[in-house]
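Have a look at the sequence and the model, then read on.

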Amino acid sequence: MGKVSGKTHTKEQLDNWANQHNPNNKAYKANADNNANQKNPNRRTHQQAHNANRRNKQYWTPEWAPDYPEYDD
């Protein structure tokens, strides 16, 4: 972690930096989880998952459909 000086940053900037580097902060945890997910070699991207679902989609067809009556003219 780098250092942040009160001489060069405002209190708001110091608070934001502290929140981003606090392990108890939910934004910190979310960022860590996201980073871990991106580095996981077994992770499939959204597009890969979408394409796999499209490729393996089973199209629904009814097993039975009534015969249409034949009309004699």
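## Charges

For the charge count, Lys and Arg are taken as positive and Asp and Glu as negative, while His and the chain ends are left out. With that in hand, this predicted model has 11 positive and 8 negative side chains. The centres of these two sets lie 33 Å apart.

## Overall shape

How does the radius of gyration of the protein chain stand against that of a compact globule of 73 residues? The chain comes to 28 Å, whereas the globule would be near 11 Å. Along the principal axes, the C-alpha atoms fill a box of roughly 95 × 30 × 20 Å.

The secondary structure consists of three helices and zero strands, so if you follow the elements from the N terminus you will read α-α-α.

## Surface

## The salt bridge

Side chains of opposite charge can pair when their charged atoms come close. With a cut-off of 4 Å between a side-chain nitrogen of Lys or Arg and a carboxyl oxygen of Asp or Glu, the model has one salt bridge.

Which residues form this salt bridge? The partners are Lys11 and Asp15, whose closest N and O atoms are 3.1 Å apart. Both belong to helix α1 (residues 11-20), and because they are four residues apart there, about one helical turn separates them. Lys11 is exposed, at 59% relative accessibility, and Asp15 is partly exposed, at 34%.

Notes. Residues numbered from 1 in each chain as written. Predicted model: local features only at pLDDT ≥ 70, side-chain atom pairs only at ≥ 80, totals over all residues. Heavy atoms only, no water. Helix = DSSP H or I, 4+ residues; strand = E, 2+ residues; numbered from the N terminus. Buried < 20%, exposed > 50% of the residue type's maximum accessible area, 1.4 Å probe, protein only. Rg over C-alpha atoms; globule rule 2.2 N^0.38 Å. Charge placed at Lys NZ, Arg CZ, Asp CG, Glu CD.
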